[in-house]
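Subject: Handing over the structure

Hi,

Here's the structure I promised to send over. Have a look at it first, and my notes on it follow below.

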Amino acid sequence: MKLKDIEKSTNKNLYLLFLSVLVGLTAGFLASLYRLALEKAETWGLSIYRFVSSHLIFIPLLILGLAFLAFVVTFFMKKYPMSSGSGIPQVKGQLQGYFKNNWFTTAFAKFIAGTLAMFAGLSLGREGPSVQLGASMGQMVSSRLAETERHKRILIASGASAGLSAAFNAPLSGVMFTLEEVFKYFSPLILLTCMTSAMVADMVARIMFGSGPVFHFQIVGSIELSNYWLLIILGIILGFFGAFYNWTLLTSQNLMKKIKSPFLRVLLTFLVVGATGLLFPNIIGSGHRLMDSFSLGMGLAFLCLILIGKYLISMVSYASGVPGGIFFPLLVLGASLGAVFATIVISLFHLPSHLFANLVILAMAGTFTAIVRAPMTGILLLVEMTGSFDHLLPLALVSLIAYVVADLLQSEPIYDSLLDNMLKEKEIDVDDSDKQMMFETIVQFDSVADRKKLSEIHLPEGCLLVSVHRSGKDIIPHGNTELQAGDYLTFLIRREDEVIAREQLRQVLNEK
C-alpha cells in the first residue's frame, strides 16, 4: 500500500508547493495565451460581420466560412470529446474519478476549437476553457513529478485555480472557486497549493495584460441603508432568473440532441449566430464590449432587447456543446438584468444616477450565485474584477437572497447538472492506471457520521480509513474512534472502486 499520501513532513509540503509554482507558470501562460487569442478572434470576427453587413454580396462567402468553421470544430469535438462544452464539469468529473483525460489533446483541441467558436461570434466565455486548460497543465506537471495519486489530483485542482485566476486577473476567486465548487470542502493543503498556483498565474497574466481590473465601472457612491429593500427585491428577481436560466440551458441541450448529427447541430448554431451578427452584432461574442457600454442613457426598451437577445443567443451557443464557457456570458446577462432593474428603480424612486453601476455589479454577483451556487466566489470575483471594495455588504445580501430563492425553487447548481448529464450520456470511464489510490474528504456538520463511532458506520467494501486529521494532529483510527464534524479523513481505495466509493461516502459524510 502506498502510504506516502499521509506523510506530514515539511519537506514534502514544500516540494508540493514547488510543483504548484510550476503549475501556476504553465497554466497562467496557457490561459493568458488563450485569453489573448479569444480577444483577437472576437475583434476580427466582429470586423468581418460589420464588413459583410455593409457588403451583402459577400453573404454566400460568409455562409461557406461558417460551415467550414463548424466542420473543424465538430471534428475536434468528436475526436476529443473532453474538449466539448464548458470544461468545468469535465474537470470536476476527472477529479472525482469519472473520466480519463489526455492533457495534451484536450488542451490542444480546447484552445483551437474555442478560438474558432469565438471567431464565429458565439456567445461563450473564456473562464471554463481556461479552468480546463489550467487543469491540463496541472496534469502535465503532476504526471511527471508528483509522487502520489492524491497529489496529482491536488495539482490538477491547482491548475484549475490558476486558469481562472489568469482568465480574470482574480487569484482569490480562482482559489475560492476550487474550494467552493470543485472540492466543496476546505483543506489546508489544497488551499496552499491552489493559492500558490493562482498567485503565480495572476502574475503571468498581469505581465501580459497589465494590472488594471477587467471591468471599468465608475463607483462614485454607495447605496444607502434605507434603500436596501430594493436589494431584497433584486435578489428575489435574480434567484428566479437563475433557476429559469438553468432550466432553459438544460432543456435547450436536450432539444438540440434530437438532431442526431453533431455537425448539423454545430452548423445550425453557427448559422444562427452568423445571422445575428449581421442583424444585431451587439449581442454576439463574449459580451465584454457590451458590458462596458451599459449606461442609464441607453433606454429601457433597448436594454430589454439586449437582455432578451443575449439570453437567447447564449442558449443557442452553448446547447450544441461547442467548446466554450457559460461563466462570462452569465455575468453579462446579470449585468443586463441589473441595467434594466437600475433604469426602472432610478426613474421610479428618483435615486442618484451614479447607483446604476452599483446595481449592475450587484446583479452580476447575484446571477452568478443563483446559477452556479457559489456565493463566496461570486462576491470575490466581482470585487477583484471591478477593483472596488465599497459594496461588500450589498454584494453579500443580494447573493444570499438569490441563493435562497434558487434553492427554494429546487434548481440544482448548473455545473453539477451538466456533469450529471455527461455521466448519463456515456458509460463511466474510470481511470484505472494505478491499482490503489488515496483521497481526502471531510466530515460535515449534521452528517450521518458526525458524532458516530467508526464501528457504527458502514464504509464501502474495500475502502480503508487510514488517517483522521483533527486540530492539527493525526489520529490512527480504530473501531471506537468517534468522528467529529471538521475531521479530515484519508481513505485508501482501489482505483476501480473510486466512483462507487465516493458516492457511498458522500451519503455518509455530507450533511443530511
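A quick definition to begin with: buried means under 20% relative accessible area, exposed means over 50%, and partly exposed is in between, with a 1.4 Å probe and protein chains only. Helices here are DSSP runs (H or I, at least four residues), numbered from the N terminus.

Now the provenance. This is a predicted model, in which local features need pLDDT of at least 70 and side-chain atom pairs count only at pLDDT 80 or more, while totals for chains, interfaces and linings use all residues. Residues are numbered from 1 along each chain as its sequence is written, and side-chain values use heavy atoms, with hydrogens and water left out.

**H14 and what follows**

**Positive phi in loops**

His350 sits in the loop between H13 and H14 and has a phi near 55°. Gln410 lies in the loop between helix H16 (392-408) and helix H17 (414-425), and its phi is near 60°. Are these residues buried or exposed? His350 counts as exposed because its relative accessibility is 69%, and Gln410 counts as exposed at 69% too.

**H9 against H13**

Two packed helices are described by the angle between their axes and the distance between the axes. For helix H9 (residues 228-256) and helix H13 (residues 327-349), the angle is about 145° and the axes are 11 Å apart. (Axes are lines fitted to C-alpha atoms, for helices over the stretch in contact, and angles run from 0 to 180 degrees between N-to-C directions.) The crossing is right-handed, a term that applies if the near helix is turned clockwise from the far one by less than a right angle, with anticlockwise being left-handed.

Which residues meet there? From H9 they include Trp229, Ile233, Phe241 and Tyr245, and from H13 they include Leu330, Leu337 and Phe349. Contact means heavy atoms within 4.5 Å. By class, this contact has 14 nonpolar, no polar and no charged residues. (Nonpolar covers Ala, Val, Leu, Ile, Met, Phe, Trp, Tyr, Cys and Pro; charged covers Asp, Glu, Lys and Arg; the others, Gly among them, are polar.)

H9 also holds Thr248, which counts as buried because its relative accessibility is 14%. Leaving aside neighbours within four places in sequence, Thr248 is in contact with Tyr311 and Met315.

**H10 and the record**

Helix H10 (residues 262-279) has 18 residues and reaches 26 Å from its first C-alpha to its last, close to the 26 Å expected. Its buried residues include Arg265, Phe270 and Gly274.

The unreviewed UniProt entry places the feature "transmembrane region" at several spans, including 57-77 and 262-284; such annotations may be inferred rather than shown by experiment. Residues 57-77 are 90% helix and 0% strand, with end C-alpha atoms 32 Å apart. For residues 262-284 the chain is 78% helix and 0% strand, and the end C-alpha atoms lie 22 Å apart.

Cheers

Conventions:
Helices (H or I, at least four residues) and strands (E, at least two) are DSSP runs, numbered from the N terminus. The expected span of a helix is 1.5 Å times one less than its number of residues.
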